[in-house]
Amino acid sequence: MKSFDVVVIGAGPAGYIAAIRAAQLGLSTACVEKWQDAAGEYRLGGTCLNVGCIPSKALLESSENYERVQHHFKAHGITATGVKLDLKAMLARKDRIVDKMTTGISGLFRKNKVTWLKGQGTLVSGGTTWKVRAGEETVEAKNVVIATGSKPRQLPGVTIDNRLVCDNEGALAFDAVPERLGVIGAGVIGLELGSVWRRLGAKVRILEALPTFLPSADESVAKEAWSIFTRSGLDIELGVAIKEISQSKKSVKIQYTASDNSSKTFECDRLIVSIGRVPNTEGLGAENVGLRLDPKGFIEVDKNCRTALPGIYAIGDVVRGPMLAHKGEDEGVMVAEIIAGQHGHINYDAIPWVVYTAPELAWVGKTEQQLKAEGVAYRSGRFPFVYNGRALSREEPEGFVKILADAATDRVLGVHIIGSIASELIAEAVSAIEFGAASEDIARICHAHPSMSEVMKEAALAVDKRPLNG
Ligand code: FAD
Ligand code: NAI
């Protein structure tokens, strides 16, 4: 029987990064992955690379270009006629990127001497070392890192066929632009994929159960996003209760109760169900070794991702915390370093969130409503992109940066951005929070001119009521 210092189960961003870091630290490492593509080929990269972050961002970029050339280039004095959408080519480009990224991981595994075990990973038995069935073989491990990720949450009574009623996987591969697209859930997937298909020509209607739009974002950002998204053509209805979903050959009918208690019916050609994700422990064999799950099905871990079983760790979407690729990656690095006898580190207070809509939303740290609820005294500085030369030259004046700083110490507590490249700008805010910076530190850092990053500096100056350009 082959024996390893570390066996990682799952090769999504959490698992493959954990495996590479463990191997870098000199630990003999294997990674078990069961993902197979339509042709039956085994694939690394998990949800993120195959049906999540990467393909969605590829389509977001392509659909934004389509919208730019049709509507936004006019402002630059560029008129394009005869613009056509070649959806097949657009999807093929997305698939090429996915292919490049997933095969890239197998190259990284070879380079770092990580053994890739193909097939289902199941915990069989344990004690001082652990036995893991990996596809057809059984291997022995001193340490096991579980990174089995998550899967879409199902709406009771609704069957996902990925033809008419789709989860993220189907929604990334429609063979034609639906005339009428329905989306259940105005969360991250609903907004990102709803935006993709709206830009490509679909009439999009999003039904959301909660009465509040994007409740985890700062209220000011959610309010601005609501106004921009609904103006751009996303029809979002809040506070609905879905009653029944029925399917005919070519369409889907949704019956629901609206927020005013009236009964409504809505028919569409395709439906995306994006109502969150649940941890995936199917076939893992948790019961064989007494691994504990919490009431929601997450594997129970401490702050260092240790389970109650010696030598067994769990990371990524299958444990508590935000379901984000970079959170899982950082947990992967942390557990590999702990196994190697080092001090692993992760700061859960400095994990950025990004929603890749247009404009993008990005934030890190506390929202204003959280600070109020916690009774923390704070000062707030906000600066719009409309006064920024680079934003105007890019024809992207929408949005703002808002910085929240402790009233007594000026320490940055939260940064909230809505703007075209918020995903890139947020990195400065994450560094500021990690290094315990004050808003004055950001205000005194030299920012390149002209750049959209100057809005971060102006927002920091605005905390002290002294912006220079507005
Ligand atoms: P996963 O990526 O789910 O990987 C788990 C892997 O484990 C899978 O490959 C699975 O096949 C394998 N596995 C499961 N059980 C077993 C077993 N028993 N044996 C062997 N293998 C097993 N996050 C971001 O940060 N940014 C984004 O832009 C973003 N966009 C997203 C867009 C969409 C449409 C979706 C659905 C998600 C998106 N996410 C994004 C979330 C991100 O994809 C997840 O947070 C991330 O993939 C979690 O990584 P993970 O490694 O924990 O799990
Ligand atoms: P989500 O949690 O972001 O949003 C789900 C939405 O569905 C919520 O607003 C919820 O109130 C609503 N909902 C739940 N049940 C409902 C019902 N019965 N009827 C109507 N609405 C209902 O989950 P989503 O969009 O499915 O994405 C899953 C996860 O994937 C995200 O939470 C995030 O962690 C990750 N992700 C991250 C992205 C990013 O970082 N840019 C992009 C896409 C996904």
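Which element gives the most to the shell around ligand 1? I opened the notebook with this question and found that α2 gives the most, with four residues.

**Entry 1. Conventions.** I noted that this is a predicted model, in which local features need pLDDT of at least 70, side-chain atom pairs count only at pLDDT 80 or more, and totals for chains, interfaces and linings use all residues. I also recorded that residues are numbered from 1 along each chain as its sequence is written, that chains are lettered from A and ligands numbered from 1 in the order in which they are written, and that side-chain values use heavy atoms, with hydrogens and water left out.

**Entry 2. Ligand 1.** I took a residue as near a molecule if one of its heavy atoms lies within 4 Å of it. Around ligand 1 there are 36 residues, of which E33, T47, K57, G121 and D317 come nearest. I then looked up polar contacts, each a pair of N or O atoms within 3.5 Å; within protein, one must be able to donate a hydrogen and the other to accept it, and residues adjacent in sequence count only if both atoms are side-chain atoms. An N or O atom in the side chain of E33 is 2.6 Å from an oxygen atom of ligand 1. A polar side-chain atom of H326 lies 3.3 Å from an oxygen atom of ligand 1, and a backbone N or O atom of A147 lies 3.5 Å from an oxygen atom of this ligand. Ligand 1 exposes 990 Å² when taken alone, and the protein buries 94% of that; such areas come from the Shrake-Rupley method with a 1.4 Å probe, and for residues only the protein chains shown count as cover.

I listed the elements that give two or more residues to this shell: α1 (13-24), β2 (29-33), α2 (46-51), α3 and α9 (325-339). Helices (H or I, at least four residues) and strands (E, at least two) are DSSP runs, numbered from the N terminus. By class, the shell around ligand 1 divides into 15 nonpolar, 16 polar and five charged residues. For these classes, Ala, Val, Leu, Ile, Met, Phe, Trp, Tyr, Cys and Pro count as nonpolar, Asp, Glu, Lys and Arg as charged, and the others, Gly among them, as polar.

**Entry 3. Ligand 2.** I counted 22 residues around ligand 2, and E192, E208, G276, M323 and V354 come nearest. An oxygen atom of ligand 2 is 2.6 Å from an N or O atom in the side chain of E208. A backbone N or O atom of I189 lies 2.9 Å from an oxygen atom of the ligand, and a polar backbone atom of V354 is 2.7 Å from a nitrogen atom of ligand 2. On its own, ligand 2 has 840 Å² of accessible area, and the protein covers 79% of this. The shell around ligand 2 has 14 nonpolar, four polar and four charged residues.

**Entry 4. The second largest pocket.** Rolling a probe the size of a water molecule over the atoms shows where empty space is left. I used a 1 Å grid over the protein atoms alone: a pocket is an open set of points where a 1.4 Å probe fits, with protein on both sides within 12 Å along at least five of seven lines, and lining residues have an atom within 4 Å of a point. The second largest pocket has a volume of about 800 Å³, the space filled by probe spheres set on the points, which are joined across faces, edges and corners. It has 32 lining residues, and E64, H72, A358, P359 and E396 are the closest to its centre. I noted that α3 (53-72) gives the most to the lining, with seven residues. The lining divides into 10 nonpolar, eight polar and 14 charged residues.

**Entry 5. Cis peptide bonds.** A358 and P359 are joined by a cis peptide bond, with omega about -5 degrees. P359 is found in the loop between β18 and β19 (360-365). A cis peptide bond also joins H449 and P450, with omega about -10 degrees.

**Entry 6. Salt bridges.** I counted 27 salt bridges, each a side-chain nitrogen of Lys or Arg within 4 Å of a carboxyl oxygen of Asp or Glu. In one of them the side chains of K142 and D5 meet at 3.0 Å, N to O. K142 lies in strand β6 (residues 137-146) and D5 in strand β1 (residues 3-9), so the pair ties together parts that are 137 residues apart in sequence.
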